[in-house]
Amino acid sequence: MFCYAARSTRQRSQSAEADSRDLKFDFAKGMLIILVISGHLTQYVIYGDNGYWYSPYFKSIYMFHMPLFMAISGYLSSKALLRKSLARSVGERAMQLLLPTLFWCTLMETAKLAAFKLAGASPLNSVTGGLSDFAMDLTGSYWFIWATFASFLAIRLLLAVCGRSSMCVICISAIVVALVPVTVSIVPLLRYTYPFFCLGFLFAQSSEWRTHIISRHKLLLKLSLAAITCACYLSWGKETYVYNNLVLIHDTASAKQVLLMFLGSAAASAIVMELVLQFWSFGCPNRVARFVAVELGQGTLLLYLIQGAVFRLMDLIPLGEPWDLSIRVAVAAMLGMGIVVIATTIRRIVQDLGWVSWIVLGAPPRSRCSKLNH
């Protein structure tokens, strides 16, 4: 009886906490992480070669999913950036992002070593460069984590140096970062996504003139953005992807591709965000919508880390050429569902386990979250 009462009390407190939280951004993040996993499944399983660059499904996902993710991150980071000290905000963000990333990358490298041993290969010969290979996997597999942390750090430093009134400096920094011709490691990906983090942060600041303009010309803005999105989608090619153009301008053709990439990503992100919010407003009472928001949206970091490890490990498992498209689609569907099931199961198991929750999830235990929220 006492166990049942305690469980009921905890369920009511969790329900009250969920009700007090605005879930629409969690729903948006949940939808985006589904698209991230779907994009990687298209790349690694369904195509398995360079043909995915020309896939209309791959293109429709990669036009916006990471830019929009970064914009939402900038928007939601606004309070931490403005209200917390430099040391506290950066320290908490490092605990949230970098600690679980190190854990899952270590787990991934351990699995790789075990696979090499089972295959009879020497781990020292198979894992090229030892620590160098670990560093490459740490940055390459989880580049978005590092881009998010670097963007957060950059804006926090700008705010510390220039003050809260220096929003103009942040806008200038977005342009400068995007145009700096540095192509080392994951720097091009950071240069591509940093302006969207800045955009999300700037949109989080209250501005009466912006709200007035958007509300007054909302229909015209939607039609214009939809037209730009369609035009950019039709013009989008292999060299428009950041992985290929590296955000590097060296002639007219490359300038066109970089401009097309930023313009198409911005317009598509705005349209998709509007659609997602509309879906949430109509489907929020639905159990599926709440599952996407609560289980997936609030667990996007874990899902991103697990899927990154899974797809990096898949490089060691060549898919059979005789597989036809239907088999590849079925394998992709099962693998995607498996990633979601594993991630949600792990999250439910460790989210009350103290320091284990920090290491695995990058979040404090739920009991501490409730105390902090109150």
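Student: How many salt bridges does a search of the whole structure find?
Tutor: Nine, where a salt bridge is a side-chain nitrogen of Lys or Arg within 4 Å of a carboxyl oxygen of Asp or Glu. Keep in mind that this is a predicted model, so local features need pLDDT of at least 70 and side-chain atom pairs count only at pLDDT 80 or more, while totals for chains, interfaces and linings use all residues. Residues are numbered from 1 along each chain as its sequence is written, and side-chain values use heavy atoms, with hydrogens and water left out.

Student: OK, which residue does K112 form a salt bridge with?
Tutor: D137, with the closest N and O atoms 2.8 Å apart. K112 sits in helix 6 and D137 in helix 8 (residues 131-140), so this pair ties together parts 25 residues apart in sequence. Helices here are DSSP runs of H or I, at least four residues, numbered from the N terminus.

Student: Are those two buried or exposed?
Tutor: Both K112 and D137 are buried, meaning under 20% relative accessible area; exposed is over 50% and partly exposed is in between, using a 1.4 Å probe and protein chains only. For D137 the value is 3%.

Student: And where does R312 lie?
Tutor: R312 forms a salt bridge with D137 too, at 2.4 Å between the closest N and O atoms. R312 lies in helix 17 (residues 300-313), so its pairing with D137 in helix 8 ties together parts 175 residues apart in sequence. R312 is partly exposed, at 22%.

Student: Which residues are linked in that network of salt bridges?
Tutor: E109, K112, D137 and R312.

Student: Back to helix 6. How many residues does it have?
Tutor: Helix 6 covers residues 86-118, so 33 residues by the DSSP runs. From first C-alpha to last, helix 6 reaches 47 Å, close to the expected 48 Å; the expected span is 1.5 Å times one less than the number of residues.

Student: Where does it bend?
Tutor: At M95, by about 35°. That's the angle between axes fitted to the seven residues ending there and the seven starting there.

Student: What about E92, which side chain does it meet in a salt bridge?
Tutor: R88, at 3.0 Å from N to O. E92 and R88 are both in helix 6, four residues apart, about one turn of the helix. Both are partly exposed: E92 at 33% and R88 at 48%.

Student: Switching to aromatics: how many pairs does the count come to?
Tutor: The count is 21 aromatic pairs. Rings of Phe, Tyr and Trp (its six-membered ring) pair if their centres lie within 6.5 Å; planes under 30 degrees apart count as stacked, over 60 as edge-to-face and the rest as tilted. Y52 and W53 have ring centres 4.8 Å apart and planes at 45°, so that pair is tilted. Both Y52 and W53 are buried.

Student: What are the numbers for F58 and Y241?
Tutor: The F58 and Y241 rings are 5.6 Å centre to centre with 50° between the planes, which is tilted. F58 is in helix 3 (residues 56-62) and Y241 in the loop between helix 13 and helix 14 (242-245), so the pair ties together parts 183 residues apart in sequence. F58 is buried at 1%, and Y241 is buried at 2%.

Student: Which residues form the aromatic cluster?
Tutor: Y52, W53, F58, Y62, W236, Y241 and Y243 form one cluster.

Methods:
Helix = DSSP H or I, 4+ residues; strand = E, 2+ residues; numbered from the N terminus.
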